Amino acid sequence: MEEEDSIYTQDGTVDYRGDPAIRSQTGTWKACPYILGNEFCERLAYYGMSTNLVLYFKKHLNQHSATAVKNVANWSGTCYITPLIGAFLADAYLGRYRTIATFSIIYVIGMTLLTLSASVHGLKPTCVAKDGCQATTAQSAVCFVALYLIALGTGGIKPCVSSYGADQFDDANETEKKHKSSFFNWFYLSINVGALIASSVLVWVQDNVSWAWGFGIPAIAMAIAVASFFSGTRLFRNQKPGGSPFTRISQVMVASFRKYKVKVPESKALYETADSESSIVGSRKLDHTDDFRFFDKAAVEIESDQMLKGSVNPWRLCTVTQVEELKAIIRLLPVWATGIVFAAVYSQMGNLFVLQGDKMDAHIGPNFEIPAASLSIFDTLSVIFWVPIYDRIIVPVARKYTGHPNGITQLQRMGIGLFISILAMLSAAILELVRLREVRKNDYYLLEKMPMSIFWQVPQYFLIGCAEVFTLIGQLEFFYEQAPDAMRSLCSALSLTTIALGNYLSSLLVTIVTKVSTKDGSLGWIPDNLNYGHIQYFFFLLVILSIKNLIAFLFIAKWYKYKRPIGTVR
């Protein structure tokens, strides 16, 4: 009984490290269904609530087009900034399991409040017609409190779930390490299956049944996500939190500046623990690298570094592994920065793509009308189409030519996606040029829906989905693999902040172009009636930014050095 009790941690999860028998009973694909099920339901909840949000703001909270776009972009951005909070707590103190569990409860509370704000008399907006609603300041405030509770809740889930799933595969085991790369593909597939149902069924419910059910069903889905996660507790492998990563980074920087006059010797003379394990809990030792040599000064041992009783002052002397942690973060930052413009492109699916589609004919047959936001289903279908093709066809074929275990490197994969995103923006811009030509030719300016099929938007959605498979999944795997072991949640959160900053960049660009293009009383690029607008100029602006971003990425990818952990399969 004593041996059995030692298997489990206080929260009931399994600590498998050092025990091969326990390791064989936990982790790998046995644990993954519960994690993938959790992600499927959580993404169903998130996209079911967010996909149509710009139209809810415009038609039920009575906001102008530009205001609604900016509010969605700002909220979406916050959803990708809060992961820094959850990631820090996971890596430093709580571990990934407890962080996911705690923030999931906050998420459910937010979803419940949002449902109440759309269903309870006094909290929901007063509507005299389907799209003729008026919300008081208090009603809008309740809605936004609920949304930002959800943003906080998702902050503990987003950075941890993908890393937690990858934790179920051991880097020291060659077979398990190969499966880890596949996990990221199928993890992203589960996200998009959830998004598929959200952008089709739930958006239809919101437009044709009620927003109460449209928000209520995602709330139920989130509750199921929590149940799925807890169901797999006894099968999960867990890594212990390694303490504050910010403290370790600060120690290296302080120690380096204290020794700025000290000459750096050969790498073999730098300080490292004699044990086979790193002094950082939950982290393997890292090989020394020759770049950013200034920070190596922190690992140069001098007489004043020793404290009483022979102990080491960590603010004066750091291990090579600790120094390499900081170097790894510095190397990631330029790659991270190139993801911001891509995220601004990606965010158009929830903003201008929806508003563009809202002015087009959405009928399928004489009686059924597809909501504009539901066109994102083709982005999802694109991902579902490309993930198995990439995993089962592209990777094996590429592996024969390159000899690389994953077919192509993660950076090559991301670069391909950046190029495809340029084609997506060109497709959207060309469609808008054609649409406005028809408006001018036939004087459709005052029509609510012009007689041009919304399905002409399919190519731009499909290209965005293809770009996702290459860039976002590649980014997900890249930031996990290249992160120091004890900073994986934090680095996953760092990658997610590109989505946040992309949304903020989109919001900033909308603000700037609106201010500039409405001078002298002009309606501007993005007026309430897009038949008088020029959103194709905005799409072309993103094309130009994306081309410059791709060029910068190519230089950065050529410069980048992959991390070298000791004792892993390469």
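At 28% relative accessibility, Phe292 counts as partly exposed, a class that lies between buried, under 20% relative accessible area, and exposed, over 50%, as found with a 1.4 Å probe on protein chains only. This is a predicted model, in which local features need pLDDT of at least 70 and side-chain atom pairs count only at pLDDT 80 or more, while totals for chains, interfaces and linings use all residues. Residues are numbered from 1 along each chain as its sequence is written, and side-chain values use heavy atoms, with hydrogens and water left out.

Phe292 sits in the loop between helix H10 (245–258) and helix H11 (320–337), where helices (H or I, at least four residues) and strands (E, at least two) are DSSP runs numbered from the N terminus. Although Phe292 is not a glycine, its phi is positive, at about 50°. Most residues other than glycine have a negative phi. Asp443 is likewise not a glycine and has a positive phi, of about 55°. Asp443 belongs to the loop between helix H15 (410–442) and strand S6 (450–453), and with a relative accessible area of 57% it is exposed.

Tyr56 touches residues including Leu61, Pro125, Trp211 and Phe215, when residues up to four places away in sequence are not counted; contact here means heavy atoms within 4.5 Å.

Tyr46, in helix H3 (residues 28–50), has 3% relative accessibility and therefore counts as buried. Beyond residues up to four places away in sequence, Tyr46 touches Trp75, Ser76, Cys79, Tyr80, Tyr107 and Lys158. Tyr46 and Ala221 are 175 residues apart in sequence, yet 9.3 Å apart in space, C-alpha to C-alpha. Ser190, in helix H8 (residues 174–208), is also buried, at 11% relative accessibility, and its contacts, again leaving out residues up to four places away in sequence, are Leu36, Glu39 and Phe40.

The packing of helices comes next. Two packed helices are described by the angle between their axes and the distance between the axes. The axes of H15 and helix H18 (residues 535–559) come within 9 Å and cross at roughly 165°, where axes are lines fitted to C-alpha atoms over the stretch in contact and angles run from 0 to 180 degrees between N-to-C directions. H15 and H18 are therefore roughly antiparallel to each other, since angles over 145 degrees count as roughly antiparallel, under 35 as roughly parallel, 65 to 115 as roughly perpendicular and the rest as oblique. Their crossing is left-handed, which means that the near helix is turned anticlockwise from the far one by less than a right angle.

H18 also packs with helix H12 (residues 339–346), at an angle of about 150° and with the axes 9 Å apart, which makes H12 roughly antiparallel to H18. The crossing of H12 and H18 is left-handed, and the contact is made by Val341, Phe342, Ala344 and Val345 of H12 and by Leu542, Leu545, Ser546 and Asn549 of H18.
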